[in-house]
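Visitor: I'd like to go through this one label by label, and hear what stands behind each term. Can you show me?

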Amino acid sequence: MTGKEIREKFLEFFEHRGHRRLPSASLIPYNDPSVLWTAAGMVPFKPYFTGAAKPDFLRVTTCQKCLRTPDIESVGLTSRHHTFFEMLGNFSFGDYFKEEAICWAWEFVTGVLNLAPQKLWVSIYKDDDEAYDIWHRKVGVSAERIVRMGKDTNFWEIGVGPCGPCSEIYVDLGEERGCGLPTCAVGCDCDRFLEIWNLVFIQFFRDEAGNYTPLKQKGIDTGMGLERMASVLQNAPTNFDTDLFREIMDYTAGLIGVRYGVDQKTDHALKVIADHGRAVTFAVADGALPSNEGRGYVLRRILRRAVRFGRKLGIADPFLHRVAKVIIKQMGDTYPELAANEEHILRVVQVEEGRFLETIAQGMDILENIFAGARETGQQVIRGKDAFRLYDTYGFPLELTKEIAAERGFAVDEEGFAAAMEEQRERARKSRQEIEYLSEDAAFYKTFRDQYGETSFVGYDTLEASGRVLFLSRGGRRVKQAAAGEKVEFICDVTPCYAESGGQVADHARVRAPEGVLTVENVVKPVEGIYLHSAKVESGVLKENDVVSIAVDAERRRAVARNHSATHLLHKALKEVLGAHVNQAGSLVEPERLRFDFTHLGAVSPEELQEVEQLVNDVVLANLPVQTFYTSLEEARRLGAAALFEEKYAQTVRVVKMGDFSLELCGGTHVCFTGEIGLFKLTGESSIGTGLRRIEAVTGRTALQLVNAREKQIMEISSLLKTNPADLTPRIENLLAEIKELERENESLRARLNRHEVQSLLNQVKNLNGIKFLAARTEAPDMDSLRAMVDLLREQLKSGVIVLGSRANERVSLVAAVTKDLLPRGLHAGKLIKEIAALVGGGGGGRPEMAQAGGKDPSRLQEALEKAYQVAEKQLLSDEK
């Protein structure tokens, strides 16, 4: 049975049992800063298990893309470690529980996949008698094949939040796959007993104190690794020997004319490239880009590790993008986002691979400096921390460092390398926050919602509404009332205020209570459906249960709407001008401006920016109608609606349509016609990371203010240059040409003055133990002029030591030079300049033959120049000894 068939049979099985089949969520978790990647099938459903959000379906089945890297060094060495894998799962959110989950799991593995029951074992949590009874009495598994295990393996919890015992299904692969120890059994680390399915029974809530309370609504979360199951059904010795990997590995082997299964080291490299290639391809398809931090750093590390293993196979040129193309072809029908983003994926991979090859060249330069330093100190072993710096900063593999070091006659301190690696891991462990399902505050607001219901948001249709104050707090503590001058948070049953989300800032509003007036400064949703207002009591008092009238700041809302609608037009315009690979990577919509982050590998040219701006303004002038409607997620995607790659949407979504130009899923506030946006003006474009660009813009009145300010500036410049605005460009061009000509004349005159000054300086040359020595002050205006003068003096002297100093803008410049014939006598310009620079409050250094320094105490310049003679004399005496 192929991997594709297993995937489909699993999803079909649970569809027929009332589960809604959902597509895999993105590898980039939505609204979950606790994790970098989606690492398990349940990650997209965390809000449903916690109660922070309500599911559209109580039964769900998925094949979830997952990415993990803690065991990255084990990939290819073991039979089942991966960075990227697919997790099949079925989930219940307060619907069915243990009996159905266990019975269906057994039915699927024995009745659909046809695994022999006599080869299957089951583990349960040691105290879970309910699960034991179902497995033994209902399913019919013999007691000796049900293994009770401890909390470390069979109780699932992760900080505060829902948790519960779990039960695992194992398949016995035979004694020949085992460790041979008499204690070998379920739970052994060898390959004999392979866990194929984990059933988690979410039945408790763990609080901050570690207490477990039974949940009213229990849940099911199961996970079956597709790659593992494929290895079992295809009788493959490792996951890599299944059809999920062989096509990729055979392609890579064909690039260099080798065969899989002949050489162990070659096989290891082929496995790593196949696994890492899948991880990179899927991560880029979901919007990740290589960078030096966060998930971008993880992606870069995986990609570069694959390239390093390619080099081990003798592949010197970029190749991973070609591997990615094979992966897209193999899996594009199951994951359409691969085919849709193929051009973007291949380009990102190829560019990053090229950068890494350049990095390796940089690493070689640093390594050569390390070798030089070791030779200078007589060391035969390269320090572990130096090797680790190469590895960590430049992605330079230890094996490559060892190989090159051996060629140069050096060893590498591998223990020191390992110690530096462990230090970094420890730092990462300490900085990694404990992942919690539900904060204490979120748990409170969930309970509050369960008791009082959701806030009714009416802000799409009206800017004024009345509501009852259901909750009031001050300084994090619930209170019955608040007085003038106090800052509070409150929840009403009804509000017209938009809560901060989707990059759009929250509304400001005026609240009138029976005995007081408040100003709303922010609104957030601590859990889905609850609108928490932050406000200041301007006068009087606000009491819990007050019926208040809330009026949104209409002018501010209109300004925000103009900018939000403009971001939609900008997004579409960027796709039109730059290409379909452009995707939104973040945004900020404020009254005064908008900021839009997007994926694009290079800088946007001025011509492209002008085209984008023009296209947006054309659509604004067309005054297209802006419509909003609700539809199913599937229908919205069929219509071609743009969506954020990090977003997880409900099955019913809000769509914003702007004529036939733009169609996006969006919950924000917008204008009614594009003409209301007014003038759209770009104000900046910049890089915010590898493959990420940022555009900033203004609209409406702010754009008009910007244009007026620039026009005023042009008029002022025209007045200064005594010309009219229409002739400003040629006038400036003429001035620049005149300035350039004057600068040439100035340089010519300066060179003549330098030559004249050089002749004067030559008269100050002294004799130092038979060596020509000059230390003098000059009138050179800057460091470049000072170096040029030193070069002229060196030509004249042929052999000697030169130290020149100058003063400009209350700072000191110093340059020292030693002709090459005198270096063997111990004279060193770098050491000399460093010592005298200290006198003028500065520092510097350089090569033995040339060095420079700066200082901030001009009053001691002459003293420094006089000391230069003594320092040079000391260097000569030291050498003679």
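Visitor: Why is phenylalanine 155 called buried?
Guide: Buried means under 20% relative accessible area, exposed over 50%, and partly exposed in between (1.4 Å probe, protein chains only). Phenylalanine 155 has 11% relative accessibility, so it counts as buried. Keep in mind that this is a predicted model: local features need pLDDT of at least 70, side-chain atom pairs count only at pLDDT 80 or more, and totals for chains, interfaces and linings use all residues. Residues are numbered from 1 along each chain as its sequence is written, and side-chain values use heavy atoms, with hydrogens and water left out.

Visitor: And what makes tyrosine 212 partly exposed?
Guide: Its relative accessibility is 30%, so tyrosine 212 falls in the in-between class.

Visitor: How do you know that phenylalanine 84 and phenylalanine 282 are stacked?
Guide: Rings of Phe, Tyr and Trp (its six-membered ring) pair if their centres lie within 6.5 Å; planes under 30 degrees apart count as stacked, over 60 as edge-to-face and the rest as tilted. By this rule there are 39 aromatic pairs. Phenylalanine 84 and phenylalanine 282 sit 4.3 Å centre to centre with 15° between the planes, so the pair is stacked. Helices (H or I, at least four residues) and strands (E, at least two) are DSSP runs, numbered from the N terminus. Phenylalanine 84 has 0% relative accessibility and therefore counts as buried, and phenylalanine 282 is buried at 0% too.

Visitor: Why are the buried residues of H4 said to lie on the same side?
Guide: In helix H4 (residues 129–139), the buried ones are Ala131, Tyr132, Ile134, Trp135 and Val139. They cover an arc of only 165° around the axis, which puts them on the same side of H4 (the arc is that of the directions from the helix axis to the C-beta atoms). The face turned away from that side carries the exposed residues Arg137 and Lys138. Just after H4, glycine 140 takes a positive phi of about 95°.
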